[in-house]
Amino acid sequence: MFAPRYNPTKLKLNLKLAITRLQMLQKKNDNAGVLARKEVAKLLEKGKDELARIKVEQIIRDDYYMESMELMEMYLNLMIARFGLIETVKHCDLGIQEAITTVVWATPRMQGDVAELKTIKTLIQSRYGRDFVEEALE
């Protein structure tokens with residue numbers, strides 16, 4: 001089949017949609033984290049240390065995931081801010097290469113929560129080529 005064509009309007013739209021979705025997920029996870037911390041406190045009061053330890057491990061994993069969402073939001077904002085480079089330069093500029101490769105690398109890991117990342121990755125691949133995307137995934 002034919003590869004999708006690069007569409008800068010679609011890329012910019014999906015970047016903005018992904019940022020909005022990440023912000024919503026961060027608020028949701030932040031609220032869930034507050035509730036989980038309260039639940040851990042109640043478990044510790046009841047003397048259920050093992051169950052509290054398991055809950056704390058989940059809270060820590062969720063905190064790491066929240067930090068990764070914040071980084072993704074930052075990189076997506078950088079891509080929007082430097083969108084002119086993406087449009088005008090045929091090869092990926094060094095000023096945004098880290099942001100673009102990180103977004104491509106994180107896509108398979110986060111696309112379950114942020115569906116727009118898959119479209120962004122596809123559009124980046126159509127812009128910079130399959131080799132660029134495969135190199136970013138390594």
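Trainee: Which residue does Arg-37 meet in a salt bridge?

Mentor: A salt bridge here is a side-chain nitrogen of Lys or Arg within 4 Å of a carboxyl oxygen of Asp or Glu. The side chain of Arg-37 has such a contact at 2.9 Å, N to O, and the partner is Asp-63.

Trainee: How many residues apart in sequence are the parts that this pair ties together?

Mentor: Arg-37 sits in helix α1 and Asp-63 in helix α2, so the pair ties together parts that are 26 residues apart in sequence. Helices here are DSSP runs of H or I with at least four residues, numbered from the N terminus (strands are E runs of at least two).

Trainee: Before we go on, what should I keep in mind about the model?

Mentor: Residues are numbered from 1 along each chain as its sequence is written, and side-chain values use heavy atoms, with hydrogens and water left out. This is a predicted model, where local features need pLDDT of at least 70 and side-chain atom pairs count only at pLDDT 80 or more, while totals for chains, interfaces and linings use all residues.

Trainee: Which helix holds both Arg-53 and Glu-50?

Mentor: Their side chains meet in a salt bridge at 2.9 Å, N to O. Glu-50 is exposed at 52% relative accessible area, and Arg-53 is partly exposed at 48%. The two are three residues apart, about one turn of the helix, and that helix is α2.

Trainee: What kind of aromatic pair do Tyr-128 and Phe-132 form?

Mentor: The structure holds one aromatic pair. Its rings, from Tyr-128 and Phe-132, are 5.3 Å apart centre to centre, with 50 degrees between the planes. Rings of Phe, Tyr and Trp (its six-membered ring) pair if their centres lie within 6.5 Å, and planes under 30 degrees apart are stacked, over 60 edge-to-face and the rest tilted. Both residues are buried, and the pair is tilted.

Trainee: Which residues make the nonpolar surface patch?

Mentor: Patch members have over 30% relative accessible area and no salt bridge; like charges are joined within 9 Å, and nonpolar side chains (Val, Leu, Ile, Met, Phe, Trp, Tyr) within 5 Å. Val-56, in helix α2 (residues 49–81), counts as partly exposed at 33%. The patch covers about 280 Å², and its members are Val-56, Ile-60 and Tyr-64.

Trainee: Where is Lys-48 placed?

Mentor: Lys-48 belongs to a positive surface patch along with Lys-38, Lys-42 and Lys-46. At 45% relative accessibility, Lys-48 counts as partly exposed. Its place is in the loop between α1 (8–45) and α2.

Terms used
Accessible areas come from the Shrake-Rupley method with a 1.4 Å probe; for residues, only the protein chains shown count as cover. Buried means under 20% relative accessible area, exposed over 50%, partly exposed in between (1.4 Å probe, protein chains only). Lys and Arg count as positive and Asp and Glu as negative; His and the chain ends are not counted. The place of a charge is taken as NZ of Lys, CZ of Arg, CG of Asp or CD of Glu.
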